[in-house]
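Open your viewer and keep the selection tool handy.

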Amino acid sequence: MASHYEAPIREPLVTGDRSYHDVTVDIAAPIEGRANKQWWIVFSIALVAFLWGLGCIIYTVSTGIGVWGLNKTVGWAWDITNFVWWVGIGHAGTLISAVLLLFRQKWRMAINRSAEAMTIFSVVQAGLFPIIHMGRPWLAYWVLPLPNQFGSLWINFNSPLLWDVFAISTYLSVSLVFWWTGLLPDFAMLRDRAVKPFQKKIYTLLSFGWSGRAKDWQRFEEVSLVLAGLATPLVLSVHTIVSFDFATSVIPGWHSTIFPPYFVAGAIFSGFAMVLTLLIIMRKVSHLEAYITKVHIENMNKVILVTGGIVSVAYITEFFIGWYSGTNYEDYTYMSVGAATGPYWWAFWALIICNFVVPQTLWVKKLRTNYLWSFIVSIVINIGMWFERFDIIVLDLSKGHLPSSWTMFSPTFVDIGVFVGTIGFFFVLFLLYARTFPVIAQAEVKTILKSSGENYKKLRDGDHE
């Protein structure tokens, strides 16, 4: 007879009879063993995509951005669409790590490491687009407030484009430090298990002398909380500032006060979808089914439902404002009757189906906890969020105040190649990370074993019989 009553409502966060040693072995296995066949197949595809994109970037920089499909009216298109999309994907990592840490949510422990890595790699992809879009990236130093031969050439500190630089670089810096700090106990674990002298030396350097003393853990927890406190405002500020690129302009469809909260919710929406995509793949490829469970999938789907609801309300609001204003110019914005029936109707309906219709299926618990359906929904959402950014930028720019300037945008093979290249680069980085760094915070998972592990429940119950 058990000595306590355990509510059957909460499902375990770690399944199976796992001991502390089993956790260490399972999490170290993808790093210490050889890469399996699935890893090599996915890595090869990602590498080919990356090399194609690299070729397109070299061609763009050597020839000029005239090789893109831009024209006099649509000066921002795929490049800024992709920039906003990648920054949005990077949002979930900070939210899972920082906000859920402050709220002491235990379900974050198995997924925060991959989410943090995803944040860093996606922000790297996002940063590529403004640099390429300069046309002459070797003159990038012109944007710095340096003494120069051109007289008084100074930054316009009133420009949201400059605020982007500060926000995203701060976001990347804090995320990188947060990620690295969390990895210290895991690097020490790999250091202690390493057999080859070279590996041992590398992990010794990476672990910064971690010894596992009580003092180390005390400092670790203090620093983690401080960094979480710093990172939490960044969740709100970074995509708010990205939204100011549009909201502070006077272009119909952009000049909207709803953009900051709407962009933040959309970023978390797309970011959680990408985390879901990566985790469902990784739990199979790296054999981590015991640690990434239905509880994690369901909780992330609940966040997707909430943020998807906020985004849907923003869509309805934008559509209503466009209709209620009675202004002809609002008939051609990305949320309008003109968008739904005009030449870009396919992009509008892709946005509505992917971001509004499909996520509603997650209200059903059976679908919300189904791995395959969650995987499909996560991919559909990220396609929809890409179309959202495309619609906001291209639809609103293609129909300006003067009918004489109306035009259509068509991407070239270079536009497509650069985008596919960044997706390939992202997966190359993520797959290499999964082979060299622990994808789960083993020290944190061990702290929940006595409440979630079957083995320890049996031991505890046996002691009191």
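Start by selecting Arg389 and Glu388: both are buried (buried means under 20% relative accessible area, exposed over 50%, and partly exposed in between, with a 1.4 Å probe and protein chains only). Their side chains meet in a salt bridge, 3.7 Å from N to O (a salt bridge is a side-chain nitrogen of Lys or Arg within 4 Å of a carboxyl oxygen of Asp or Glu).

Before moving on, note that this is a predicted model, where local features need pLDDT of at least 70 and side-chain atom pairs count only at pLDDT 80 or more, while totals for chains, interfaces and linings use all residues. Residues are numbered from 1 along each chain as its sequence is written, and side-chain values use heavy atoms, leaving out hydrogens and water.

The structure holds eight salt bridges. Next, select Glu298, which is buried at 9% relative accessibility. Glu298 forms a salt bridge with Arg368, with the closest N and O atoms 3.0 Å apart. This pair links distant parts of the chain, 70 residues apart: Glu298 is in helix α10 and Arg368 in helix α13 (residues 365–368). Helices here are DSSP runs (H or I, at least four residues), numbered from the N terminus.

Because they are four residues apart in helix α10 (residues 294–325), about one helical turn separates Glu298 and Lys302. Lys302 is partly exposed, at 38%, whereas Arg368 is buried, at 11%.

**Inside helix α8**

Go to Thr240 in helix α8 (residues 214–247). Is Thr240 buried or exposed? Thr240 has a relative accessible area of 18%, so it counts as buried. A polar atom of the Thr240 side chain lies 2.3 Å from the backbone oxygen of Leu236. Beyond neighbours within four places in sequence, Thr240 is in contact (heavy atoms within 4.5 Å) with Pro260 and Val264.

Select Cys56, buried at 4%, and then Cys354, buried at 11%. How many disulfides does a search of the whole structure find? It finds zero (a disulfide is a pair of cysteine sulfur atoms within 2.5 Å).

**Last stop**

Finish with Trp345 in helix α12, which is partly exposed at 47% relative accessibility.

Notes:
Helix = DSSP H or I, 4+ residues; strand = E, 2+ residues; numbered from the N terminus. Polar contact = N/O pair within 3.5 Å; in protein donor to acceptor, adjacent residues only side chain to side chain.
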